[in-house]
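Welcome! Let us walk through this structure together, one part at a time.

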Amino acid sequence: MKYFRKLIEHFIPINDDEWADACEIFDIRYVEKGTIVHHAGDVFSEIWFIKSGLARSYFIDINGKEHTWQLYFRGKSKHGLNHFMDDSVSFSEKTGSMLNFEIIEDSVFYVASLEAINKLISQDKKMGALSENMDT
């Protein structure tokens with residue numbers, strides 16, 4: 001989670017106690033290659049932060065052809081692009097996602113419910129500021 005903390009500290013300073021509180025909402029998940037962790041049509045309710053491995057989101061068109069939407073991996077970007085696997089539109093609108101999420105090599109993720117993240121953001125002014133900074 002050190003790398004995740006660095007990403008957050010790019011936007012706001014965070015002390016060890018605040019970090020410990022934030023880490024409590026995450027579980028670590030080890031996922032094998034080929035696992036579908038979310039199916040299209042289901043409401044996406046978690047955010048997955050990649051520690052290692054590779055994953056993708058994809059959709060299937062009306063002709064049954066698969067199209068990769070995005071790849072998720074641990075890169076060197078200071079902004080954390082492609083490190084977070086989620087469908088925030090599905091969550092916020094409580095509608096089924098159009099995407100499937102597949103693990104394409106053995107991977108490790110930190111996973112938290114979007115509900116728990118929203119609760120943390122609403123209860124902690126600093127985390128609320130982080131949310132606003134990351135949206136811009």
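**Aspartate 87 and its surroundings**

Aside from neighbours within four places in sequence, aspartate 87 is in contact (heavy atoms within 4.5 Å) with Phe44, Ser97, Met98, Leu99 and Phe101. This is a predicted model, in which local features need pLDDT of at least 70, side-chain atom pairs count only at pLDDT 80 or more, and totals for chains, interfaces and linings use all residues. Residues are numbered from 1 along each chain as its sequence is written, and side-chain values use heavy atoms, with hydrogens and water left out.

You will find aspartate 87 in the loop between β5 (84–85) and α3 (88–93).

Elsewhere, helix α1 (residues 2–9) holds isoleucine 8. Is isoleucine 8 buried or exposed? Isoleucine 8 counts as buried because its relative accessible area is 7%, and buried means under 20%, exposed over 50% and partly exposed in between, with a 1.4 Å probe and protein chains only. Its C-alpha atom lies 9.7 Å from that of tryptophan 19, 11 residues apart along the chain.

Now for the whole chain. Of its 136 residues, 36% are buried. Among contacts with a separation of 6 or more, 71% join residues 24 or more positions apart.

Notes. Helix = DSSP H or I, 4+ residues; strand = E, 2+ residues; numbered from the N terminus.
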